[in-house]
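Subject: Structure handover

Hello,

Here is the structure I promised to pass on. Please open it first, then read the notes below.

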Amino acid sequence: MFKTLFSSIKQIFSTNKNPVDIPHAESDLDREINALYAIVVEVIGSDRLVLQAGKMDALRYLRSENPGERLLALRRILEENPTLNSVPSTKKAIQDEIVRLSELMADIITRRQIEDKIDRKVTEKLEKDHQEYVKDIKLQILREEKAEDESPHDVKKREQLEKLEKVHLTQSVMELLRPKTLDEIVGQERAVKSLRAKLASPYPQHLILYGPPGVGKTTAARLVLEAVRELDSSPFSKDAPFVETDGTTLRWDPRDMTNPLLGSVHDPIYQGAQKSLADSGVPEPKPGLVTDAHGGILFIDEIGEMDMMLQNKLLKVLEDKRAYFESAYYDPTDEKVPAYVKMLFENGAPADFVLIGATTRDSHSINPALRSRCAEIYFEPLTPAHIVQIVKNAAEKLNVELDDGIAETISEYTIEGRKAINILADAYSLALEDDTLKDSDKVKILKKHIYEVAQVSRLFQFVTKKASDNATVGHIFGLGVSGFIGSVIEIEAIVFPAEKGKGTIRFNETAGSMAKDSVFNAASVLRQVTGKDIHDYDVHINVIGGGNIDGPSAGTAILSALVSAVTGKKIRQDVAVTGEISLQGKVRPVGGVFEKAYGAKQAGIKTLVIPKENAKDIPKGHLGLNIYPVNTAEEAFQYIFANTLDYEEKKICRSL
């Protein structure tokens, strides 16, 4: 019987008739029920309707003349529940059931359409992923192919690179002669001690190193880190990095497109992130040197050359100990964003390091806020004795023999340790080519090699001894400083009697307005200490060499030259003096006294006269100089003029 009914229903559904077309008069309710069945057939198909009716035990109701039973069959099929037995009997109940089943069918149709749409997208995604997977497999296979599968052009390029890799020169002279231990750094004992103390602490400080070029700032920082890494109290691990960069190459990009120091973001459109990110529209953050130095030291040479805005940005990193990234293309809700990219954008890149900046400029070139967070260490200029020691150490490493006076000769041409080594290396090259020395067992550097290097490189004697034992009228050595380099300034004065009150004063304009003011101050003090009016003389004061005197520190020296010229008293030529002169004849404090002492030593000066208030700025016996602090011009004259010193000098030396 079931087979007969199943065949009958299939025959009905295979025609154009509705599945409920039965041989009885069709009422309005019947038409509505037939319409429902027609929709079901359109959605799920006649075959599936018959199968579903069989499963739900609804086949016997499909051809029933009772509209309620036909609705029951449809309800069982739609709700997939064969236990339903409630048959609507009244017209109202049948109409209510038709409405309810219509709404149910609408929900089913909507859900099926959504499911079909999702299924299509899933199928498309699976197909796309499958194609990409196949593509990746193919690329991997291509990468794993043997060299003989390379194109001729690729083979040629690879062979060229392999050939270059086989070429190795010996290490450079500078690399060979660079200090390997802290003991080899000459002339910077105090600076190295301070640097080590600040880094060896469990709480290391950010540092700024000041000093002239070529005195070992970079080398000292690197060697100190190597030394403190071995200490138990040091926060640096044994593999703590030392990241070195140059402030002159670091520039602030207001667009934030490139920033090797702090890091930057490569947007997928304008800059092009890596292909895997760019294809998904994901920006790629690239951490900078501050992250490379995490846990170690970031050394910025010539930090004074950095853009001020970049210094401010660096200050923010020092405070946060992190470098943060921003991009208009970053979407935190995008599931395609890799986890590491999301971490960089949301948490920033770690940047906990110790900053060491080195500069040959003065402190005004550094951001004040940055300076306030850093300890400052000043490296000292090198004396000729230091240069001699550096040259001898380098000669020992080169295994060469130096002729008598070679190291001293080199020290006349430079005050930089690096430059001294370069001169020695150039002379070493000349000695190797010297035919007169080829029979020697050991390379020997002669003075002629040094002079030839000086001529070819257009070097001039940086230090010439200016001091002498002969006292002179109207000539004195003042002291100046440029950067971190001190030097002597020769000042001379000459006077001629003129008609009373009609004398003139001439002073070379190139010395600067501050020096001219010092001349007028000195003229007033001259009358006070000698009783002579400078307007009774034609006076000419000259700064030999025409150097610009930036500041009033030559006042005492100008006064001494004027007094000598007017009174005829001779000035000692082994004495140098610095200090501003006031109208009351007081010797006022000046800057750069420590550096000026090096300039005096270079020139062969033995005695240094400084303001009393600068006594704390320079240690006693510094560089072997006799240093005398004074309060007034009269006190300074005791050490400046000849034949007034014997007893007084001995007495003051004892008191010091």
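A crossing of two helices is right-handed if the near helix is turned clockwise from the far one by less than a right angle, and left-handed if anticlockwise. Keep that in mind for the first pair below. One caution: this is a predicted model.

**The α9/α10 pair**

Start with helix α9, residues 189-200, and helix α10, residues 217-228. They pack at an angle of about 45°. Their axes are 10 Å apart. That angle makes α9 oblique to α10. In passing α10, α9 makes a right-handed crossing.

Which residues make the contact? From α9 come V192, L195, R196, L199 and A200. From α10 come A220, A221, V224, A227 and V228. By type, the residues of this contact are nine nonpolar, one charged and no polar.

An α-helix has 3.6 residues a turn, so residues three or four places apart point the same way.

**More on α9**

Helix α9 has 12 residues. From its first C-alpha to its last, α9 reaches 16 Å, close to the 16 Å expected at 1.5 Å a residue.

Which residues of α9 are buried? They are A191, V192, L195, K198, L199 and A200. What do they pack against? Helix α10 is one partner. The others are the strands β1 (206-210), β5 (297-301), β8 (354-359) and β9 (374-378).

Most residues other than glycine have a negative phi.

- E80 has a phi near 55°, a positive value in a residue other than glycine. E80 sits in the loop between α5 and α6 (91-143). Its relative accessible area is 53%, so E80 is exposed.
- K321 has a phi near 60°, also positive in a residue other than glycine. K321 sits in the loop between α13 (308-320) and β6 (322-323). Its relative accessibility is 44%, so K321 counts as partly exposed.

The cut-off matters for these two: exposed means over 50% relative accessible area.

Last, find E65. This residue lies in the loop between α4 (59-62) and α5 (67-79). Is E65 buried or exposed? E65 is exposed, with a relative accessible area of 62%. Now look for D30. E65 and D30 are 35 residues apart in sequence. In space they are 9.4 Å apart, C-alpha to C-alpha.

Best wishes

Methods:
Residues numbered from 1 in each chain as written. Predicted model: local features only at pLDDT ≥ 70, side-chain atom pairs only at ≥ 80, totals over all residues. Heavy atoms only, no water. Axes fitted to C-alpha atoms, helices over the stretch in contact; angles between N-to-C directions. Helix = DSSP H or I, 4+ residues; strand = E, 2+ residues; numbered from the N terminus. Parallel < 35°, antiparallel > 145°, perpendicular 65-115°, else oblique. Contact = heavy atoms within 4.5 Å. Nonpolar A, V, L, I, M, F, W, Y, C, P; charged D, E, K, R; others polar. Expected span 1.5 Å × (residues − 1). Buried < 20%, exposed > 50% of the residue type's maximum accessible area, 1.4 Å probe, protein only.
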